[in-house]
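User: I am new to protein models. Could you show me how to read a few features?

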Amino acid sequence: MIVLQTIAVAFAMFSAIPVPQFEWNEKNMRYAMCAFPLIGIVIGAVWYVCGALPLPGLVRAAGFALVPVWITGGIHLDGYADTCDALSSYGDREKKLEILKDPHCGAFAVIRLCSYFLAYFALCTCVQFTPRVGALWTLALVLERTLSGYAVAAFPMAKNTGLAHTFATAADKTTVRRVLTVLAVVLAAGMMFLRGWALVLAALAVLFYYNKMSAKQFGGITGDLAGWFLQKAELWMLAALAACQWGGLL
C-alpha cells in the first residue's frame with residue numbers, strides 16, 4: 001500500500017495524470033523521488049505511439065513536442081520560465097530568489113519559452129522515428145528524471161521552503177541517492193547499448209552545469225531550478241539524438 005501511495009504522490013505532483021489522492025506524510029514521501037522516473041516511462045510510451053502512427057511529418061513532430069507538456073501539465077516548464085526570468089535579472093542572490101517566488105511571467109520568460117519551443121519543434125522535425133529511437137528516447141526521459149531526483153537528494157537547497165525542500169526533507173536521502181545512482185548507471189548502459197552515448201553525455205553535462213550554476217547564482221537548488229534542469233537536459237538530449245541520426249550513428 002505504501003508503494004502505491006508513494007507512486008501516487010510522485011504522479012500527483014509531477015504529472016497531470018489522474019491518480020488516487022492520499023494525504024502526504026513521512027512514509028509515502030520518503031521514496032517519492034525514486035518513483036519520479038516512472039513518469040518518464042509513461043511519456044516515452046505515448047511518444048512511441050505517436051512516432052509509430054502514420055501521421056504527417058509536421059503533425060508527428062508537434063506530437064513529439066507536446067506529449068511531455070500534456071502529461072506533465074507543464075510543471076517543469078513553469079520552473080524553466082521562472083528560472084529564466086531570475087537569471088535574466090542579473091540581480092543579487094536574494095533578488096533572484098524573490099523572482100522565483102513571483103507568480104507573474106516576465107518578458108524574458110516569454111522570450112525564452114518561445115525560443116525553447118521553436119528549437120524543440122525544429123529538432124523534433126529532424127528525428128526519424130524507429131523502434132530503436134523510440135526505446136532510446138524513452139530511456140532518456142527516464143534518465144533525466146532520475147538525475148533530477150538524485151539532485152534533490154544530493155545537492156544543497158537554496159532555501160528552507162518550497163517544493164524541492166519539502167521533498168528533500170521528507171526523503172531518506174541516502175537510500176534515494178543510492179537507488180537513483182544505480183538506476184542512472186543502468187539507464188546509461190542501456191542507452192549506450194542503443195548507441196545513445198551522446199545523449200548520456202549531454203544529460204551529464206547539463207547536470208554538471210546545473211550544480212555549478214545553482215550554487216553560484218542561487219546558493220543551491222529549488223523546485224523551479226529542478227524544472228529548469230529537466231527542460232534543459234531534455235532539449236540537449238533531443239539535439240544529441242537528432243545529431244546522432246544526422247551523422248548516421250542511429
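Analyst: Gladly. Keep in mind that this is a predicted model. Let us start with Asp 82. It is in contact with Ile 99, Leu 100, Asp 102, His 104 and Asp 224, setting aside neighbours within four places in sequence.

User: Where does Asp 82 sit?

Analyst: Asp 82 belongs to helix H6, residues 75-89.

User: Is Asp 82 buried or exposed, and which side chain of opposite charge is nearest?

Analyst: Asp 82 is buried. The nearest side chain of opposite charge is Lys 159, 9.1 Å away. A salt bridge needs the charged atoms within 4 Å. Asp 82 has none.

User: Now the nonpolar core. What is the general idea?

Analyst: In soluble globular proteins, nonpolar side chains tend to be buried together. Here, the largest nonpolar core holds 80 residues. Trp 137, Leu 199 and Tyr 210 touch the most other members. Helix H13, residues 223-246, gives the most to this core: 13 residues.

User: What does Tyr 210 contact, beyond its neighbours within four places in sequence?

Analyst: Its contacts are Ala 151, Phe 155, Ile 221, Leu 225, Ala 226, Trp 228 and Phe 229.

User: And how do I read a pocket?

Analyst: Rolling a probe the size of a water molecule over the atoms shows where empty space is left. In this model, the largest pocket has about 350 Å³ of space. It is lined by 26 residues, and the closest to its centre are Leu 163, Ala 164, Thr 222, Gly 223 and Asp 224.

User: Which elements give two or more residues to that lining?

Analyst: They are H6, H9 (131-154), H10 (163-170) and H13. H13 gives the most, with five residues.

Technical notes. Residues are numbered from 1 along each chain as its sequence is written. This is a predicted model: local features need pLDDT of at least 70, side-chain atom pairs count only at pLDDT 80 or more; totals for chains, interfaces and linings use all residues. Side-chain values use heavy atoms; hydrogens and water are left out. A nonpolar core is a set of buried Ala, Val, Leu, Ile, Met, Phe, Trp, Tyr and Cys residues joined through side-chain atoms within 4.5 Å. Buried means under 20% relative accessible area, exposed over 50%, partly exposed in between (1.4 Å probe, protein chains only). Helices (H or I, at least four residues) and strands (E, at least two) are DSSP runs, numbered from the N terminus. Contact means heavy atoms within 4.5 Å. Lys and Arg count as positive and Asp and Glu as negative; His and the chain ends are not counted. On a 1 Å grid over the protein atoms alone, a cavity is a set of points where a 1.4 Å probe fits but cannot get out, and a pocket is an open set with protein on both sides within 12 Å along at least five of seven lines; lining residues have an atom within 4 Å of a point. Grid points are joined across faces, edges and corners, and a volume is the space filled by probe spheres set on the points.
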